[in-house]
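Please read this note with the structure open beside you. Take the points in order and find each residue as it comes up.

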Amino acid sequence: MGPDKELPLPADFEDADAYVDSLLEFVASSEMLRTLCGGVHILDFFTREPDLYSVVLPQEWRDFFGKHKTMDILDLLMREDIASFSLSDGEIQSQSWRSGPSPPHSLVDYIQKIRKHCLRRDYTCDRKKIGKLARHVATGMNEKKLHEVQNFADYVEKLTADIASSEGRPISHLVDFGSGQNYLGRALASPPYNKHIVAVEGRPHNIEGAKGHDVKAKLAPKTELMRNKKKFRAAQTANRSAYAKAELRKTITSQEQQDVQKELDQEDSESNVLTLDSESATTPVSETRTMPDALTVTEKQTLLETSTAGTGSIQYVEHMIRDGDLSSVISQVVDGGKIHKQASCNGVANTREPLGVTEQEPLQNLSESLSPSLLVMSLHSCGNLVHHGLRSLVLNPSVSAVAMIGCCYNLLTERLGPPSYKLPTLRPRLYPEDEKMAHGFDPHGFPMSDRLCNYPDGPNKGLRLNITARMLAVQAPQNWGELDSTSFFKRHFYRALLQRIFMDRGIVEPPTAADAAVGGSPLGWTGGTQPIIIGSLHKHCYESFTSYVRGALARLVQDFERGSLFKEKLGSLTDEDIERYFECYTPRQKELKVVWSLMAFSAGVLEATIVVDRWLWLKEQHSIKEAWVESVFEYRQSPRNLVVVGIKK
């Protein structure tokens, strides 16, 4: 049913087991790999003594890099034919390369090992056979998303057909795991696919946004809003007035408060009747029409939409995905095909009803009589969502297959150690019963498979990837061009140099003796304080280092907790001071470019490790008949292009 090989193996391997053995041995034993991927952080580049460049890289590597341009180095890492540097008696045969010295043997050997253990990412397809989405179905998609949806929708269509023919059990519904704006589900519910989609999403605003796109895609009727314009405008005026009064209360002083409060209270009592009477005018008609009288506002409902042009349907289910148990979702799945027939019999081309509200037959009765066969799918589910999706195949009898594409490996939690986060406030919101996991091992995290949890043998068994390593795993250096490389190299240089200013001004501490060894911090950097997150700045802030520092400080002084600290420590920083830093450290900018290139290039092995771990977990489950990994769209369009597929016995 699947590809000839269960994994997209590199050219050096013909057998998946041999590849996995070699991959795990390399990841566990390569000191250079573990140093570049998780052991160093760009923010430490100018704050350590001795500097990271001389500590991390051998002298012969530094000598070679010093004689070549950055883009030539990138070509050597990822595109140059390494076989041209054939060895003769332990020496590089060629004595020169691109008007400079040849790479040293140890560097060539490292490049060969990284390439040898990266999964193949090439994608071949017959473009004429890939279904082209109609313009109204592709609404909201950029070029990248359109490429992903077109190719993955076609892949899912073929996969469901293969399952039906080989297993004798047709897939009745496709469950879009973390559907977001439901681009994939909308395409599959529309012609020519006409699938029945169960879109599972935990954020209500995403569901509402998806419904808006459904209207444009002709999967749902446009809601007609009818308002009493006089009441509506009066309500808006009253609301604006109430907001202004609330703002005024915040600004008045204690001496004025009593006098002004009496005046505001008097005005509120006079306008209270208007505000209350106009509540119905400000309530969207779509809410009042889709909520039956028998239900309270706090009850959650799912919504079924049937296609106007085909026989597909979309059923939205609001559900916070916390594990692979989908029993509460499956209990709500209805027969979209039967609802479509009911609507057609009634002369209605489209239905958009909350579950439990139809004149012919309550939809919950249809869910009770239905025994669905589900395929759980995802297009770029972040972090642990892929783990939950894979586990759903084992935990739910109705789930027959899974096809999951992951992304955002930095959002994975850690099974073999307390979770590390780039910033504590970026932790996922925990439920009270899950608070104990905030400082403990997460059973849903990486690695999934017993193989990685117990490798290598010994007291320190288990392969671990910290936050820095997982963030590197989402890089795509093969797609770097000269213009975009120059841009983000500059951004990294500016941010690392700003960190040096922070250290010199006493905002962050220098690396301590305990952190002197590379990789001493679980966060990947050793500033000794809470990380300083600046985020994206306006484009003009990157025109010069002075503009960057001023733009960053303008944001940092607004910080609620540490804004006063930044004002105190950096208030006396002049433009001349900033320029002196830039002039002093600019000669070392290329060193940062080289290290960052090596880090991103090496991280391809880490992504292979994460993907292989998910495949190994499927292979370890007794209820799984087949499992494989393959590319489903072009790497240059979307680097996270590997799908993990599992078929139940």
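1. Confidence. This is a predicted model. The chain has a mean pLDDT of 81. Of its residues, 76% reach 70 or more. Residues 421–439 have a pLDDT below 50. In the model this stretch still has 26 contacts beyond near neighbours in sequence. Residues 513–525 also have a pLDDT below 50. Here the model gives 31 contacts beyond near neighbours in sequence.

2. Overall make-up. The chain has 649 residues, and 50% of them are buried. Its secondary structure comes to 25 helices and 13 strands. Now take the contacts with a separation of 6 or more. Residues 24 or more positions apart account for 74% of these contacts.

3. The cores. Which residues touch the most other members of the largest nonpolar core? They are Y19, F65 and F502, in a core of 122 residues. Look at F502 and leave aside its neighbours within four places in sequence. F502 is then in contact with R495, I507, V508, I532, L553, L556, F566 and L570. Another core, of 39 residues, lies apart from the largest one. Among its members are I163, A187, I197 and A199.

4. The cavities. How many cavities of 30 Å³ or more does a search of the whole structure find? It finds three. The largest cavity holds about 70 Å³ of space.

5. The lining. The largest cavity is lined by R121, M404, I405, G406, Y409, E607, V611, R614, R640, N641, L642 and V644. How do these residues divide into nonpolar, polar and charged? Six are nonpolar, two are polar and four are charged. Find each of them in the structure before moving on.

Key:
Residues numbered from 1 in each chain as written. Predicted model: local features only at pLDDT ≥ 70, side-chain atom pairs only at ≥ 80, totals over all residues. Heavy atoms only, no water. Core = buried A, V, L, I, M, F, W, Y, C linked by side-chain atoms within 4.5 Å. Buried < 20%, exposed > 50% of the residue type's maximum accessible area, 1.4 Å probe, protein only. Contact = heavy atoms within 4.5 Å. 1 Å grid on protein atoms, 1.4 Å probe; cavity = no way out; pocket = protein on both sides within 12 Å on 5 of 7 lines; lining within 4 Å. Points joined across faces, edges and corners; volume = space filled by probe spheres on them. Nonpolar A, V, L, I, M, F, W, Y, C, P; charged D, E, K, R; others polar. pLDDT = per-residue confidence, 0-100. Helix = DSSP H or I, 4+ residues; strand = E, 2+ residues; numbered from the N terminus.
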